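Here is a short report on one protein chain. Look at the structure first, then read on.

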Amino acid sequence: MLGTAGPPGDILRAWRRRRHLSQLALALEAEISQRHLSCLESGRARPSRAMLLHLAERLSIPLRERNALLLAAGYAPVFAERALDDPALAPARRAVARILDGHAPYPALAVDRHWTLLAANAALAPLLDGVDPALLAPPVNVLRLSLHPGGLAPRILNLGEWRAHLRDRLRQQIAASGDPVLARLLDELSAYPAPEAPDDPGDGAGLAVPLTLAVPAGRLSFLSTTTVFGTPVDITLAELAVEAFFPADPETAALLHRLAPPRGQAGPEPGETPP
């Protein structure tokens, strides 16, 4: 991750520069003097635990990296990181399961910070028929599954547009987190053969980028949303997101209802191995 090694002042400076803030701008945002911030960054002053957490909040540093910042300053981490199957996260798992199951017959899935598939509802399975089994072997990376030539890419009718959208999202994540794993994933996805120029978005221009997919049963067009937990203080929960796909037209809605698996059939709960 960005700036996880070195003195705390160096780490703070690296995050400030990543956020494109001057010392004065951050000092004003944090309601401290620029001189004090300069002393913290240079190591002339030792930051308190409370000040580090205060500056980390102003800089929107991810919880995982806030722990690293505290450790660099000699303080104990304050944000827990539990396994997804930890009993303490049971309420969150149930909430995610309700979202996934309640979204059927439309596809929805849960991913971690690296786009690893954690859970999905049963509506996703019909869309993956014919995908290279190697891409479905856990851990499944959703972005790789989408853009790999052996994955969904050959069936995505607006591949250039969708690929550009996913890569832009990934770049935004990298800018926000400094995560080298995501940077390597972006390099991998960028090397896949695909149209470079976005396709003509047509009448929906300016609203949202659809995912238009050809399946044996017909043509599907989706709009997607992302749901995250508000004010999480657990690292695992902070890094979990639910991607839900909605039909972009009545034809897609009707086809998904026809493709729907038997009532009561659901995907795995978060923390279980996807099928």
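## Charged pairs and packed cores

In this predicted model, glutamate 41 and arginine 13 are both buried. Their side chains meet in a salt bridge, with N to O at 3.7 Å. The pair links distant parts of the chain: glutamate 41 sits in helix α3, arginine 13 in helix α1, 28 residues apart.

Side chains of opposite charge can pair when their charged atoms come close. The count here comes to 14 salt bridges. Three of them are set out below.

| Glutamate 41 | Arginine 13 | 3.7 Å |

Arginine 66 has a relative accessible area of 10%, so it is buried. Glutamate 57, at 41%, counts as partly exposed. Salt bridges also form a network that links Arg64, Glu81, Arg113, Asp179 and Glu239.

Now to the nonpolar parts. The largest nonpolar core has 39 residues, and Leu109 and Leu170 have the most contacts inside it. Helix α8 (residues 159–177) gives the largest share, five residues. A second, separate core has 19 residues, among them Leu26 and Ala27.

Both Leu26 and Ala27 are buried in helix α2, as are Gln23 and Ala30. These four cover an arc of only 100° around the axis, which puts them on the same side of α2. Their cover includes α1, α3 and α4. After α2 comes glutamate 31, with a positive phi near 60°.

Methods. Residues numbered from 1 in each chain as written. Predicted model: local features only at pLDDT ≥ 70, side-chain atom pairs only at ≥ 80, totals over all residues. Heavy atoms only, no water. Buried < 20%, exposed > 50% of the residue type's maximum accessible area, 1.4 Å probe, protein only. Helix = DSSP H or I, 4+ residues; strand = E, 2+ residues; numbered from the N terminus. Arc of directions from axis to C-beta. Contact = heavy atoms within 4.5 Å. Core = buried A, V, L, I, M, F, W, Y, C linked by side-chain atoms within 4.5 Å. Salt bridge = Lys/Arg side-chain N within 4 Å of Asp/Glu carboxyl O.
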